[in-house]
Amino acid sequence: MKKVEAINFLYVLVLSTTVFLIFTYKELTETKSPGGRMRLLWNWRSVQESYHLAVYPCIESFRVRAHLPVIYVVTPTYPRPTQIPELVRLAQTLMTVPNLFWIVAEDAPILNPRVASYLDGTGICHAYLAAPMPESYRGELKTPRGVSNRRAGMDWIRKHVTEGVMYFADDDNTYHLDVFEEMRWTKKVSMWPVGLVTHLGVSSPVVIDGRVIGFYDGWIEGRKFPVDMAGFAVGIPFFLSKVDAEMPYRAGFEEDGFLRSLEISVDDVEPKADNCTKIYVWHTRTQKATPAPKIATNITHFTDSNLSALEKELFLETSESAFH
Ligand code: UDP
Ligand code: MN
């Protein structure tokens, strides 16, 4: 009799544990956001509350360095032949940065399964969102590139995060690891020089005696903060306190508009990188590549060759229309 009871008990235990795990997994992997459809590796807040769910290798790295503020890197990206190589280059930089969460936001109506599976394979804690640029801006002469997706990244942060630092990292720039340690302890807004911006070759705050007194940039154009997107970071508690802060859909004025919406003065800016004497990030640009034509795998000597598999790796001429 005792044996039967024990078996029944075990049976109920296994069943309820399975049901619990299925529901927890669903809860941790799916969330909806106003910024568009998205896929999450997990919900960060749930992770903080339940470290015992150490099923993802990146959770471990968060735990062991719990004393370090988390850097939330928001990367706008869009479908094109150079997208995966850009993301590979950036991921291999971010992989080595402790306590970093990567929000990759795609300027497309749907998520790209290849990007999703690449991101999963990096082991970097991440969220992957789809946030297409509104159609009304697409036809403009100068489109506000990367704005819809950065805004979706900010929406995500407002919903899921209370601490840490936010940084907008375009997918094509070059980042020295030190730039992340410079920004990690930002209170309000920190800034540093960015190389290869305009004909001057650099954009930087001008600093005297540890205080920002102005800006050196090749394109001032009435901007209060003539800086590059890669040249500043924002403390998340401060960002959350500015409920109306937003990035405008205005080409060339995205940084200035956003920084103004944070209601800061130049005196609030925290100069980093040895009082802005070092360059740790560059506004590099990748040469455009045209989409590849389909491979004619029906030609006799190509049949059953590697080429049909290889074609799946390519960004094809026809695939562009699927996104834009
Ligand atoms: N971007 C985007 N949609 C676009 C064009 C660009 O999301 O239609 C992203 C791009 O991946 C990059 C950022 O926005 O992370 C800035 O774009 P880009 O590098 O083309 O601008 P630039 O640096 O030349 O000003
Ligand atoms: Mn760029």
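Predicted model: local features only at pLDDT ≥ 70, side-chain atom pairs only at ≥ 80, totals over all residues.
Which residue is the bridge partner of Tyr 167 in β11?

## Strand β5 and its partners

In β11, Tyr 167 has Ala 233 as its bridge partner. That bridge belongs to the pairing between β5 and strand β11 (residues 232-235), where the two strands run antiparallel and are joined by 3 bridges.

Strand β5 also pairs with strand β2 (residues 71-77), here in the parallel sense and over 4 bridges. Tyr 167 turns up again in this pairing, as the β5 bridge partner of Val 73.

## Side chains of β5

Strand β5 covers residues 165-168. Val 165 and Tyr 167 point one way from the strand, while Met 166 and Phe 168 point the other way. Whichever way they point, all of these residues are buried.

Leu 177 counts as partly exposed because its relative accessibility is 39%, a value that lies between the 20% and 50% cut-offs.

Beyond its neighbours within four places in sequence, Leu 177 is in contact with Thr 93, Thr 96 and Val 97. Tyr 280 is 103 residues away from Leu 177 in sequence, yet their C-alpha atoms are 7.6 Å apart in space.

## Confidence in the model

The chain has a mean pLDDT of 86, with 84% of its residues at 70 or more. Over residues 24-56, though, the pLDDT is below 50. In the model, this stretch has 70 contacts beyond near neighbours in sequence.

Notes:
Residues numbered from 1 in each chain as written. Chains lettered and ligands numbered in written order. Heavy atoms only, no water. Buried < 20%, exposed > 50% of the residue type's maximum accessible area, 1.4 Å probe, protein only. Pairing = 2+ DSSP bridges. Contact = heavy atoms within 4.5 Å. pLDDT = per-residue confidence, 0-100.
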